[in-house]
Amino acid sequence: MGLRRHQVENLVLRGPIFYWRARIPVGFEASGRNARLSLSLRLSDRKKASVVARRLNALLLQMEMMPRARMATKEQLGKIFALEAEAMREEIEALDRAAKRTGTIRDPDQREADRQVGWAYRLLHTYGTGEELSFDEGSEVREALLEAGAEADDIPFISATYLSERGGVVSDRQGATRSPFLRDVLHRMAQVGLEDTPLNRDAATEEIFRARADTLLASAADPRKPKLTGDKPQEQERIEVGMATPPPGPALLWSADAEPPVTPSVEAAVEVATSPIVEPAAETAPAKRAKPAPKELPLSRFDEQLEELIANYRDDWEEDTASDVRVLVGIFRGILEEHDVAHSGEITQEHVAALRQHFNHIIPHYGRSSRLRALSPRELREESRRRHEEAEKNKKPIRLGLKPATIRRHLGNLDHFLKHLRSSHFAVPDWSFEGLRPKKPPKGEVRLQQIKPGPEDIRPLYDIPIFTGRSSAEEPEIPGPLTFHCANYFLPMLYTYLGPRRNELAGLMVDEIVQSAGIWAIRIKANEIRRIKNAQSDRMLPIPGELLRLGFVDYVQRLKDIGHTRLFPELFSPYLKKNKPGDRFYKDFIPVARRCMPDGLWARPIHALRHGLADTLKQAGVSEGVIEDVSGRLGESETATRYTNPAGLSLLQLIISRYPVITGHLEPQPTRLLPWVERHEPPPWAGKKSGDRFGNKRGRRPKKKA
């Protein structure tokens, strides 16, 4: 009967049975010329046979290349796995601790990246780095990933990460400069006393891949965000070739508690290669006690459970996040009432899909109207349709439907709530967002969407009366002889020259302007006014030279002298429980700037200034790592996350000086505070409804008398 060869080396099919047929190396004594070893694998399943053939090929290679080398022991490989897993856990826990200290949670996108990178390392551990894998539709790797719990949207990122990490390992083997990963491998080998040989490097590399995969996938399972790693699969079948080890085949979800694979000694290689295949014996599960059935939660008690969910995350969620969750649950309850659902046990996939469709048929900015917010979902859709038809008649069409990013956020909040109900032992049938959640835009498309104004685009902003002189404190857009030092004067310059987040500077305290090593700096950290986004947001930034020239330090000293503790006190109201200084600055400054700028203002102006600084520095040749340190972001490379500290104050001062001076036409003026700040009085807008700042119902500035 003829032989039929398969993709795996030395694997042939003879009738219905697979055989391993390999040429015995010439260097082996007592082996005749062109001698071959043929073994029946006693398997007819191609996947299982491929696993066994790969293992036998590896054993043969070990015997051929390193006949006297001391191979890695099971204990050494186990220690490498434990050391690497512990290092990864400590790094992840450090980020989580820092997030808790600042009162935030780690960015969900970072945990999603953990999951995707974890899958890439799982592929490297499973298939090795010997050949490139195909991630095309219908490929074995793609199907295995999806079956194991990955999502279709993850495949491009997993593929890119796999190719990047594999490329680094292949370059190391080809004699290129040592990469950070190779240094990690050699460090772990030295820690366990393992001899540096090619095969031992491969064994250590495999253990590091496995440790990183297990740790990152475990890190991604955050109870505060949608579950991304799929349900726990049934235990994978193992094929034992003389030892109980997980095979390097397509089973991608091995337990982190599984024993590391064993690299056998040369003396045991022949015995292992010729040992029979042992199928695992089925274990009889012990009888389990019946669990009580979940309870059914009436819709009238949804608010009660919602507040319990918010209380669980009171240290992690800001008020805006809690408000978003309240809005979403209110909408979903309206959808359920519309479908005559009485309790949680009657929620089905149909209702989740109905919520998703609801988002497609409503006015995008309905939340700005208290009247629209009070409508039921059905009434809101009808009102949205009426306005849409009316706008089309007037030839001013409006687009219905929320933006994809908003829909993703709403569905994520719904997942939080439904999981909370299920965890609280309420009956909630299975649901899925597959096919409902909008895809994230590709990174290249995101780059095109972001406005990045250059210095020449921003320069006209500093010709408006706020900077060149205005008539009075109450009339910032009318030219005059007065310059008031305040948030509207200094914050735009700080955003232009430093590119921080809006709340980071609007919520500064006076004592956070410090002098370090002779350099005036801004200490950005969590304070009594506001939190910061993440651990890397905690940083020190030098005060730009232009602000020093225009009297910023004198302004700070004047505030100290009269007893103010907040750097921009006019952004705060004593009548509010929760002040949002960044939002207040936006409402004060942006309308004036839009009216005064001859060609108008770009979209999302404060965020655009942040992007503009980063782009200008990049075009000036500044490295991305330093730009990220200025912006308070964390780089993705090993150098940025593990091996280096953020750039120092003197280096940052040199870097930001590369941004062109666009305020050089402004002359320094004597320090003059706003009158209400000088008198420690509430600002004019405090205690008034939106739109009543200037004393009329529509919020329009009163006309000057002739």
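1. Let's start with Glu 624, which is exposed in this predicted model. Its relative accessible area comes to 52%, and exposed means over 50%. Glu 624 forms a salt bridge with Lys 618, their closest N and O atoms lying 3.9 Å apart. Lys 618 is partly exposed, at 38% relative accessible area.

2. Next, have a look at Arg 301 and Glu 304. These two residues form a salt bridge, and 3.1 Å separates the closest N and O atoms. Arg 301 has a relative accessible area of 32%, so Arg 301 counts as partly exposed. Glu 304 is partly exposed too, with 38% relative accessibility.

3. Another pair to find is Arg 459 with Asp 463, a salt bridge in which the closest N and O atoms are 2.9 Å apart. Arg 459 is partly exposed at 28% relative accessible area, and Asp 463 is partly exposed at 42%.

4. How many salt bridges does the count come to? There are 29 salt bridges. Some of the residues involved are linked in a network: Arg 371, Glu 383, Arg 386, Arg 387 and Glu 390.

5. Finally, turn to helix H11, which covers residues 349-359. Which residues of helix H11 are buried? They are His 351, Val 352, Ala 354, Leu 355, Arg 356, His 358 and Phe 359.

Conventions:
Residues numbered from 1 in each chain as written. Predicted model: local features only at pLDDT ≥ 70, side-chain atom pairs only at ≥ 80, totals over all residues. Heavy atoms only, no water. Buried < 20%, exposed > 50% of the residue type's maximum accessible area, 1.4 Å probe, protein only. Helix = DSSP H or I, 4+ residues; strand = E, 2+ residues; numbered from the N terminus. Salt bridge = Lys/Arg side-chain N within 4 Å of Asp/Glu carboxyl O.
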